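Subject: Structure for you to look at

Hello,

Here is the structure I said I would pass on. Please open it first, and then read the notes below it.

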Amino acid sequence: MTASDHEVLRAGAVAPPAAADPAAAPADTTDDARRLALFAYLQAPEHRTYLAIMRLFTSTLLADLSAGEVTAALAAAEREGRVAPGESDVDTVIDRLRQLVRWGNLVVGRRETIAASIAEFQHGSVRYQVSKLAVRVQRDIDALLRVPEGAREVSRELLPAIDRGLAGIGEALSAALTARRRDPESKAARQARERLAEQVTTVFLQHAELAATVRDFYAYLGQVVTRHQLAPEEISGFRNLLVEYIQMVVADVLRHTETIAASLAGLAQVRGDLLALLGPADQLGTDVERARGRTAADWQELTDWFVDSPGRPSQVAALREATARAIGSLLASVKRATSAGGVLPGRRGSLLKLAAWFDAADQEQAQRLHSAAFGLHSSRHLLPAPDYDTDNDEVPWRDGPVQDVVVSVRSRGDRGARGRTSKVLDDPMTEETLLAQAREQEQRRGAAVGELAAAGARLPQTRLSADALGVLCELLTLAMAGRERDDDTGTALDPVHRLRVTVRPEPGELTTVRSAGGTLTLRDTALEVSGDGAIPGVDR
């Protein structure tokens, strides 16, 4: 058999069928679409077979399997009932492997094989390997299938470890810089860099685990505190969960945040030296996924988790706010459950009991049960008077408007309109007054923006009106809030008019803006106003 014959057989083993596969991505799709196709096998009808194949490829390092080897493994899974009957047939397995290749989960390799027939050569010479992104996808899938539905414990013990780790990074950085000044190529300098890299990797791994547990815990918390009906034992459990456990977590975070923020501020001043010592991974090439902590973006993300920045609160502040909302929701649930001297006779248990009756009933019994429970019949029925005034007798109930079931009906079976606000009456005079006020306010702002645009570069020599100074101060505040550091350039754009304000640091520069309401002085700052102030798409 010649080499060309081998290539023909190999192409025939992996080439897609002539008919277009709707699940296969076209050649000109974006990189995002190509990566999302890696999840396609989860929604396929044969997802159990695909999961078994992917677990086989990801169970060992450098897995290199042929269709025959995959068939043997699936035969055992079929005997155990983990895949559907017939999925271990060799032709079926080849189709599944080809489909995974088209989705990008597997890649095709080749190994020289001694075969007694063309079929044996075709099944044994074409080898399959798993792609890097597919390994990560399958790893996340297995982790998701193993995770329980309940709350996840927050790894708050990592907070003091992160605190000590950041302090250790500062010490290791000082030692590495000292060793580099003495002899950059010495053994001591190399060991100092390795210790520094060890400390950085450890801190970022600890923070990633801490952040993941916090997100998972509050995601679970959000889905339970918003439930309207809570049993007494559930309220007791959530009370312990919120009042005791969350307060303990928040207290630990706040206790260590100050020292962690101080350590991050100190490392921010020598971040350039730190990243230079960690260095690029030259031995792996340029297109490589670096470990966390090797780029300035990684350190900025870590800093933003603990430290507030202008216009962007930290995750610590978000955690504190989420805790306050959760405790408020629990108190509202307790108030609903304990009002009127006892637990409300909620309809949740009755509805669950009714659902169980429906599940056990046949067709005739279900119809009788439905009529008895809801009183909805095909010819006519009784409902409360609708909120709208219209004749709807010719429309069947299943096609008519949906009737909102208010909280009082669900909890007490009472249709009284407690607390419902009355309908807003049509008041054309008030509407016209409000519209006139809005038009006048928009005209004043447009005139102020036009005044600023006309001043432009002559802003220091122009005396602004009070409205123009107000617009300038508003855009100036947004421009300054968008800066990461004091030496950054900030910019802000009016959301309606074409007017941009830019502020940048200029040592020794003194910018003065005079107006009818006073004088605004900016020290060591240059201020630029650009644009014509016109609304896009509107002729002036």
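In which sense do strand E5 (residues 490–493) and E6 pair, and over how many bridges? E5 and E6 pair in the antiparallel sense, over 4 bridges. Two strands count as a pair if DSSP finds at least two bridges between them.

Some background before the rest. This is a predicted model, in which local features need pLDDT of at least 70, side-chain atom pairs count only at pLDDT 80 or more, and totals for chains, interfaces and linings use all residues. Residues are numbered from 1 along each chain as its sequence is written, and side-chain values use heavy atoms, with hydrogens and water left out.

The chain overall

The chain has 18 helices and 7 strands. Helices (H or I, at least four residues) and strands (E, at least two) are DSSP runs, numbered from the N terminus. Of the 540 residues in the chain, 32% are buried. Buried means under 20% relative accessible area, exposed over 50%, and partly exposed in between, with a 1.4 Å probe and protein chains only. Take the contacts (heavy atoms within 4.5 Å) between residues at least 6 apart in sequence: 64% of them join residues at least 24 apart.

The strands around E6

Strand E6 covers residues 500–515, and strand E4 (residues 463–464) pairs with E6 in the parallel sense over 2 bridges. Here Arg463 stands opposite Arg514 in E6. In the pairing of E5 with E6, Thr491 is opposite Thr502 in E6, and a hairpin of 6 residues joins E5 to E6. Strand E7 (residues 518–530) also pairs with E6, in the antiparallel sense and over 12 bridges. Val513 is opposite Leu520 in E7, and the hairpin formed by E6 and E7 has 2 residues between them.

Helix H4

Helix H4 (residues 67–79) has 13 residues and reaches 18 Å from its first C-alpha to its last, close to the 18 Å expected at 1.5 Å a residue. The expected span is 1.5 Å times one less than the number of residues. The buried residues of H4 are Ala67, Val70, Thr71, Leu74 and Ala77. Seen down the axis of H4, these residues fall within an arc of 120°, so they line one face of the helix. The arc is that of the directions from the helix axis to the C-beta atoms. An α-helix has 3.6 residues a turn, so residues three or four places apart point the same way. After H4 comes Gly81, with a positive phi near 85°.

Aromatic pairs

Rings of Phe, Tyr and Trp (its six-membered ring) pair if their centres lie within 6.5 Å; planes under 30 degrees apart count as stacked, over 60 as edge-to-face and the rest as tilted. By this rule there are 4 aromatic pairs. One of them is the edge-to-face pair of Tyr50 and Trp103, at 5.3 Å centre to centre and 70° between the planes. Tyr50 lies in helix H3 (residues 47–58) and Trp103 in helix H5 (residues 90–103), so the pair ties together parts that are 53 residues apart in sequence. Tyr50 is buried at 3% relative accessibility, and Trp103 is buried at 6%.

Phe204 and Trp299 have ring centres 5.0 Å apart and planes at 90°, so this pair is edge-to-face. Phe204 is in helix H9 (residues 187–225) and Trp299 in helix H12 (residues 296–306), 95 residues apart. Phe204 is buried, with a relative accessible area of 3%, and Trp299 is buried, with 1%.

Regards
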